[in-house]
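Hi there,

Here is the structure I said I would pass on to you. Have it open while you read, and my notes on what turned up in it follow just below.

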Amino acid sequence: MAVFANRLAAAMFCAVVMAFPASALRAQEAAVAIPAPTIDEAAKGNVEKAIFAGGCFWGVQGVFQHVKGVSNAVSGYSGGDQKTATYETVSSGRSGHAEAVEITFDPKQVSYGKLLQIFFSVAHNPTQLNYQGPDRGPQYRSAIFTTSDEQKKVAEAYIAQLDATKLYPAAIVTKISRLSAFYPAEKYHQDFLTLNPSYPYIVYNDMPKIDNLKAIFPTAFRADPVLVSKAKS
């Protein structure tokens with residue numbers, strides 16, 4: 001399919017890379033160990049949603065499906081109109097959408113701040129403007145779509161905190177905006193990492209993120225992912 005052109009090209013490159021010993025492989029984006037946010041949300045209720053965009057949604061979804069306290073993580077689109085919320089249109093880079101993931105979580109088990117810490121640490125590289133690893137275009141931008149004023153406050157404070165640490169090689173470019181809508185992606189994108197663990201793009205770009213999540217956040221890691229196909233409606 002033409003819509004997979006960029007990732008198929010990346011997969012062809014990765015197929016060559018996979019000929020090297022596993023010890024020689026390095027993920028496109030390395031994890032960064034970062035402090036927890038000093039300002040976080042107070043837990044209210046049992047269900048909350050967070051919407052993050054950080055490059056290809058396959059890997060971002062896969063990471064948060066392995067986080068304790070998350071009950072669902074859906075790949076989709078945010079930032080544009082409903083009529084342009086299709087993979088083929090979003091892939092053109094002219095839809096206004098970002099590939100995003102809607103995370104449903106229990107704030108009494110995992111806080112919004114902890115999700116942000118994982119997002120900025122292992123899920124993507126927040127210093128890359130309008131690209132992520134091999135993927136290029138504004139649809140791969142780093143973005144946070146907030147659902148409340150409190151989420152906005154926590155996210156803004158955390159970005160300022162992280163920039164002050166100088167742990168990243170450049171300033172964080174993540175854009176924060178209020179969520180207008182989230183549109184789930186096509187069925188074939190859901191649970192892609194779990195269903196295609198040997199796909200070269202996944203092996204090279206995304207499986208290391210799962211390993212980093214387990215290594216850096218061992219108490220937040222769950223071995224069995226929560227899948228869209230098995231989530232309660």
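Of the 233 residues in the protein chain, 52% are buried. Keep in mind that this is a predicted model, so please read everything below as computed from that model. The chain has 7 helices and 8 strands. If you look at contacts between residues at least 6 apart in sequence, 82% of them join residues at least 24 apart.

Now, the helices. How do helix 2 and helix 7 pack? Find residues 57-64 for helix 2 and residues 200-216 for helix 7: their axes are 9 Å apart and the packing angle is about 25°. That makes the two helices roughly parallel, because an angle under 35 degrees counts that way. The crossing of helix 2 with helix 7 is right-handed.

Which residues touch there? On the helix 2 side you'll find W58, G59, G62 and V63, and they meet Y201, I202, D206, K209, I210 and L213 of helix 7. Sorted by class, this contact has 6 nonpolar residues, 2 polar ones and 2 charged ones.

Next, the aromatic rings. Searching the whole structure gives 11 aromatic pairs. One of them is W58 with Y199, an edge-to-face pair with 5.9 Å from centre to centre and 75° between the planes. This pair ties together distant parts of the chain: W58 sits in helix 2, while Y199 is in the loop between helix 6 (192-195) and helix 7, and the two are 141 residues apart.

Are W58 and Y199 buried or exposed? W58 has a relative accessible area of 0%, so it is buried. Y199 comes out at 19%, and since the cut-off for buried is under 20%, Y199 counts as buried too.

Y199 has another ring partner, F192. Their ring centres are 5.5 Å apart and their planes are at 80°, so this pair is edge-to-face; for that label the planes have to be over 60 degrees apart. F192 and Y199 are both buried.

Last one: which residues do ring pairs link into a cluster? They are F52, F64, Y112, F119, F120 and Y158.

Note on methods:
Residues are numbered from 1 along each chain as its sequence is written. This is a predicted model: local features need pLDDT of at least 70, side-chain atom pairs count only at pLDDT 80 or more; totals for chains, interfaces and linings use all residues. Side-chain values use heavy atoms; hydrogens and water are left out. Axes are lines fitted to C-alpha atoms, for helices over the stretch in contact, and angles run from 0 to 180 degrees between N-to-C directions. Helices (H or I, at least four residues) and strands (E, at least two) are DSSP runs, numbered from the N terminus. Angles under 35 degrees count as roughly parallel, over 145 as roughly antiparallel, 65 to 115 as roughly perpendicular and the rest as oblique. A crossing is left-handed if the near helix is turned anticlockwise from the far one by less than a right angle, and right-handed if clockwise. Contact means heavy atoms within 4.5 Å. Ala, Val, Leu, Ile, Met, Phe, Trp, Tyr, Cys and Pro count as nonpolar, Asp, Glu, Lys and Arg as charged, and the others, Gly among them, as polar. Rings of Phe, Tyr and Trp (its six-membered ring) pair if their centres lie within 6.5 Å; planes under 30 degrees apart count as stacked, over 60 as edge-to-face and the rest as tilted. Buried means under 20% relative accessible area, exposed over 50%, partly exposed in between (1.4 Å probe, protein chains only).
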